[in-house]
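Here are my notes on the model you sent over. Have the structure open while you read, and go through the points in any order you like.

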Amino acid sequence: MKVLIANRGAIACRIIRTLDRLGWESVAVFSEADVASRHVEMATEAIEIGPASPKESYLDADKILAVAKRTGAEAIHPGYGFLSENADFARACEAAGLRFIGPTPEQMESFGLKHRARELAIECGVPLLPGTGLLADADIAVAEAGKVGFPVMLKSTAGGGGIGMRVCNDAAELREHFDSVARLSQANFKNGGLYVEKFVRHARHIEVQLFGDGDGRVLALGERDCSLQRRNQKVVEETPAPSLAPEVRQQLLDFARLLGERVQYRSAGTVEFVYDADSGRFYFLEVNTRLQVEHGVTEEVLGVDLVEWMVRLAAGDLGFWPEQPLQPKGHSIQVRVYAEDPLRNFQPSTGTLTEVRWPKGVRVETWVV
């Protein structure tokens, strides 16, 4: 099978390595700025798709589909970010006779909007934080937040990556931030819908890795603790999550699997929970309908390759499906290297790398050479 990778960077390199091991061909796409990138060199075939701006290259679905047709690719792996959770793109792939390596468009839509995901969680009996539906304006938001109880988290129903979230300690702060968060959400996700959720002050962020065959069988492949964050962006992730009571760990896995079974989930995904360190209770947050950056820690303790599972499932090969429940062995921690410019209010900025040395004996996911 020939697979087009609709992405760049470390995840594109990761997918190409798996395809090489399986003996399958890979097609890399790249922008003008990425002509010397590692994934371009690694792929069986590489095609330039436009200028440096992602909007004119990696986010241009028509260009990517045209390359797939021209190169004879049979499937598209979206990686993470860019078009990975775009239901319209997944639908366009299928309409063009291509296999989209990920969940179905309908599953993306069911879980993609957080207020809709909350409704599914209610149907499945998954614990939820007190919250609201979509809010029409700041006045309604203040009234509804009063019922929930301050402090609250004002959240965008669309998107992710920590964008469109603001803690509000009182009604004045909620009024102050409502319009700006709505504009940010509309600009980034083309959806300005907002809702309010109770804010947990001493919270841990715990997520469960899912994998489904699309016909009702769903595996809950352990949990990861992703509590160490900067600007709502994960920095350290580890599995198994430390200091969890065995019964709580099992409940997290059971509820996550239940949500996946509810929609007959296909391929890889993650159910995210917030754990209240004060009460010892956990609550559903959202579902990410894609492979995540931190999938590697799960692979390390289970001895599996989730990217291989994704592409083999898309090819109709379920020979990888475990006959017995997988048990984690050991402990795995992932750390991300963050580069920021202190002279520009710590904006993300790699600058120029003059020397790079990777530690020995660890797994390194990178596109730096």
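Where is Trp358 found?

1. Trp358 sits in the segment after β16 (347–348). Bear in mind as you look that this is a predicted model. With a relative accessible area of 42%, Trp358 is partly exposed. Together with Leu353 and Val356 it makes up a nonpolar patch on the surface, and the three share about 290 Å² of accessible area.

2. Now the overall picture. The protein has eleven helices and 16 strands. Its radius of gyration is 21 Å, close to the 21 Å that the globule rule gives for 369 residues, so it is as compact as a globular protein of that length. The C-alpha trace spans about 55 × 50 × 45 Å along its principal axes. Gly72 belongs to the loop between α3 (61–71) and β4, and its relative accessible area of 43% makes it partly exposed.

3. On burial and surface: 49% of the 369 residues are buried. The accessible surface comes to about 17,400 Å², and carbon and sulfur atoms account for 50% of it. Take the contacts between residues at least 6 apart in sequence, and 62% of them join residues at least 24 apart.

4. Next, the inside. In soluble globular proteins, nonpolar side chains tend to be buried together. Here the largest nonpolar core has 31 residues, and the members that touch the most others are Leu19, Ile101, Phe211, Leu221, Leu291, Leu306 and Trp309. Two or more residues each come from β1 (2–5), α1 (9–22), β10 (218–230), α10 (295–302) and α11 (306–314). Helix α11 gives the largest share, seven residues. Apart from this core there is another, of 26 residues, with Leu128, Val218, Leu252 and Tyr275 among them.

5. Leaving aside residues up to four places away in sequence, Leu19 touches Val3, Ile5, Trp24, Glu25, Ser26 and Val311.

6. Have a look at helix α5 (residues 105–112) too. Its buried residues are Pro105, Gln107, Met108, Ser110 and Phe111. Their cover includes α4, β5 (99–100), α6 (114–124), α9, β12 and β13 (281–288).

7. Salt bridges: the structure holds 38. One of them pairs Arg14 with Glu299, with the closest N and O atoms 2.5 Å apart. This pair ties together distant parts of the chain, since Arg14 is in helix α1 and Glu299 in helix α10, 285 residues apart. Arg14 and Glu299 are both buried.

8. Two other salt bridges to compare by eye. Asp254 and Arg257 meet at 2.8 Å, N to O. Both lie in helix α9, three residues apart, about one turn of the helix. An α-helix has 3.6 residues a turn, so residues three or four places apart point the same way. Asp254 is partly exposed at 31% relative accessible area, and Arg257 is partly exposed at 27%. Asp341 and Arg344 also meet in a salt bridge, at 3.9 Å, N to O. Asp341 counts as buried at 19% relative accessibility, whereas Arg344 is exposed at 57%. As for bridges that share partners, one network joins Arg14, Arg17, Arg21, Glu299, Glu300, Asp305, Glu308, Arg312, Asp317, Arg363 and Glu365.

9. Last, some backbone details to check. Most residues other than glycine have a negative phi, and most peptide bonds are trans. The bond from Phe150 to Pro151 is cis, with omega near 0°, and Pro151 is in the loop between α7 (138–148) and β6 (152–156). Thr239 and Pro240 are also joined by a cis peptide bond, omega about -10°; Pro240 lies in the loop between β11 (233–239) and α9 (246–262).

10. Then there are positive phi values. Phe82 has phi near 50° and lies in the loop between β4 (75–77) and α4 (87–95); Phe82 is partly exposed, at 30% relative accessible area. Ser267 has phi near 75°, but its place is in strand β12 (residues 266–276). Buried or exposed, which is Ser267? At 1% relative accessibility, Ser267 counts as buried.

Note on methods: Residues are numbered from 1 along each chain as its sequence is written. This is a predicted model: local features need pLDDT of at least 70, side-chain atom pairs count only at pLDDT 80 or more; totals for chains, interfaces and linings use all residues. Side-chain values use heavy atoms; hydrogens and water are left out. Patches are made of residues with over 30% relative accessible area and no salt bridge: like charges are joined within 9 Å, nonpolar side chains (Val, Leu, Ile, Met, Phe, Trp, Tyr) within 5 Å. Accessible areas come from the Shrake-Rupley method with a 1.4 Å probe; for residues, only the protein chains shown count as cover. A salt bridge is a side-chain nitrogen of Lys or Arg within 4 Å of a carboxyl oxygen of Asp or Glu. Helices (H or I, at least four residues) and strands (E, at least two) are DSSP runs, numbered from the N terminus. Buried means under 20% relative accessible area, exposed over 50%, partly exposed in between (1.4 Å probe, protein chains only). A nonpolar core is a set of buried Ala, Val, Leu, Ile, Met, Phe, Trp, Tyr and Cys residues joined through side-chain atoms within 4.5 Å. Contact means heavy atoms within 4.5 Å. The radius of gyration is taken over C-alpha atoms; the globule rule is 2.2 Å times the number of residues to the power 0.38.
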